[in-house]
Amino acid sequence: MDHPALGFYRSPPYTILTDESFFRVENTVRALQKLFAQFMTVFGPLIRNTDREDGIQVLFFSKEPEYVAYQRRYAPRMDDSSGFYSPALDRLIVYNQSASDRVRKLETQVKEEYNKHLAEAISKNAMDQLEKWKRESMQNIANYAEAQTLCTIRHEGAHQLFFTLGVHSRNRMENEWMMEGLAAYCENSNLGGVDRSRVKLLKKAMDAGALIPLEELVNLRSPDGLMGLGSTERVALAYSESWALTQWLMNEHRALFFDYI
């Protein structure tokens, strides 16, 4: 009813509205279904809304401008996001990051670099090497876009499940570290798996003596969420610290952590 021009697809437990063909969003749907199955296994004892295990809404845009317009309307604080879950709408909103401005800029840089060296590739071997570099660079960009899309889908999709299935309260009473830590815990395709990029960031901050004090992190209350901590670097660190704390609690004190939740 909100989007009569978009195509409707049903793939339990999700219903999807999109301006893409279902073939284009199939990987996203499969990723969400895998997340849902993992979520039910790990967090099943905490689920209160068992009647919501169907009809979970996803809005998938094919192009970034349409997504940005929607984001500015419903999540104005998330300017640099590539997806978000809105508790008010009870809906997950994502877009195809392979068509994002960021990816197009990277592809343009590769093409410009290729053209710059084209005249210098006078031998067959040099030309073959240049073509190989271009192919590999384009493939790396495609892999990057796919990995970023999957990470966003799992993070924001986890937020959706925690709210929709009644693990989190509707009025967001929980502290930010716990909500973001649990979503980050779900990012890995092997739910709860180690995120080496977060480990690297934490080690770097620890070596520099720049870790956010635990007391400050767990007591943060802000309408901006973890973004209320200030700089982009500090916010990224807060997400990683929240993930690490959640990782430890899930691995070492799960029963007590579930009681706390």
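The legends below describe close-up views of a predicted model.

**View 1. Helices H5 and H8 in contact.** The axes of H5 (residues 176-185) and H8 (residues 232-252) come within 8 Å and cross at roughly 75°. H5 is therefore roughly perpendicular to H8 (65 to 115 degrees). Contact means heavy atoms within 4.5 Å. On the H5 side the contact includes Trp 177, Leu 182 and Tyr 185, and on the H8 side Tyr 239, Trp 243 and Met 250 are among the residues. By class, nine nonpolar, five polar and one charged residues make up the contact of H5 with H8.

**View 2. Gln 97 in a loop.** Gln 97 lies between strand E5 (91-95) and helix H3 (101-118). Gln 97 counts as buried because its relative accessibility is 7% (buried means under 20% relative accessible area, with a 1.4 Å probe and protein chains only). Leaving out residues up to four places away in sequence, Gln 97 touches Ser 82, Val 103, Ala 145, Gln 148, Thr 149 and Thr 152. Tyr 144 is 47 residues from Gln 97 in sequence, with 9.5 Å between their C-alpha atoms.

**View 3. The largest nonpolar core.** A nonpolar core is a set of buried Ala, Val, Leu, Ile, Met, Phe, Trp, Tyr and Cys residues joined through side-chain atoms within 4.5 Å. The largest has 52 residues, and Tyr 14, Phe 39, Phe 43, Leu 161 and Phe 162 have the most contacts inside it. Helix H1 (residues 22-43) gives the most to this core, with nine residues. A second, separate core of nine residues includes Leu 59, Phe 84, Ile 93 and Tyr 95.

**Notes.** Local features need pLDDT of at least 70 and side-chain atom pairs pLDDT 80 or more, while totals for chains, interfaces and linings use all residues. Residues are numbered from 1 along each chain as its sequence is written, and side-chain values use heavy atoms, leaving out hydrogens and water.

Definitions and conventions
Axes are lines fitted to C-alpha atoms, for helices over the stretch in contact, and angles run from 0 to 180 degrees between N-to-C directions. Helices (H or I, at least four residues) and strands (E, at least two) are DSSP runs, numbered from the N terminus. Angles under 35 degrees count as roughly parallel, over 145 as roughly antiparallel, 65 to 115 as roughly perpendicular and the rest as oblique. Ala, Val, Leu, Ile, Met, Phe, Trp, Tyr, Cys and Pro count as nonpolar, Asp, Glu, Lys and Arg as charged, and the others, Gly among them, as polar. Buried means under 20% relative accessible area, exposed over 50%, partly exposed in between (1.4 Å probe, protein chains only).
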